Amino acid sequence: VKDDYTSTDKLFNIYQKGGAQAVLDYMKMNSSLGDLSASGGNIVTVLRDNKNMTDYQKGEYIVNYSSYSLPKTLQPLADNGDYEKVYQYYNIKSNADTDGNGSLKKQELIDYLDGTGMSTAEKRTWFSILSTAKNPY
């Protein structure tokens, strides 16, 4: 590792966090993602369209290599290595946000969850993770 890296250098930060293997993993995942600029930088859109990565790998990318800041409700899943659910969170949030404003209205989330075929228990869980509104499930 060069001495001229700064703390803001992404690869250096990844190296500091997980060593050489983490850098290799990041580069492998990054190369399978393609051009982020084509999606306007929306990592969830790129990940959703990527058929070369599992949902687990997509969540792992979000947690370990993206600039996304995890909400408090999602942090325990990331801490437990439940990366598939981390990706599902962002995928549900992106799909449910029908007006595209970046936040979820209660009705947007209800409409999306009701159209997924999830059980009531699953919808209850996801609603409580994604919203602070009174849970209708």
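1. A quick definition before we start: a crossing counts as right-handed if the near helix is turned clockwise from the far one by less than a right angle. With that in hand, α6 passes α7 in a right-handed crossing. Keep in mind that we're looking at a predicted model.

2. Now the geometry of that pair. Helix α6 covers residues 106–114 and helix α7 covers residues 120–130; their axes sit 11 Å apart and meet at an angle of about 150°. That angle is why α6 ends up roughly antiparallel to α7, given that anything over 145 degrees falls in that class.

3. Who does the touching? On the α6 side you'll find K106, L109, I110, L113 and D114, and on the α7 side K123, W126, F127 and L130.

4. Stepping back to the whole fold: the protein chain has 7 helices and 0 strands. Read from the N terminus, the order of elements is simply α-α-α-α-α-α-α.

5. On burial, the protein chain has 137 residues, and 35% of them count as buried.

6. Last, the contact pattern along the sequence. Take the contacts in the protein chain with a separation of 6 or more: residues 24 or more positions apart account for 39% of them.

Technical notes:
Residues are numbered from 1 along each chain as its sequence is written. This is a predicted model: local features need pLDDT of at least 70, side-chain atom pairs count only at pLDDT 80 or more; totals for chains, interfaces and linings use all residues. Side-chain values use heavy atoms; hydrogens and water are left out. Axes are lines fitted to C-alpha atoms, for helices over the stretch in contact, and angles run from 0 to 180 degrees between N-to-C directions. Helices (H or I, at least four residues) and strands (E, at least two) are DSSP runs, numbered from the N terminus. Angles under 35 degrees count as roughly parallel, over 145 as roughly antiparallel, 65 to 115 as roughly perpendicular and the rest as oblique. Contact means heavy atoms within 4.5 Å. Buried means under 20% relative accessible area, exposed over 50%, partly exposed in between (1.4 Å probe, protein chains only).
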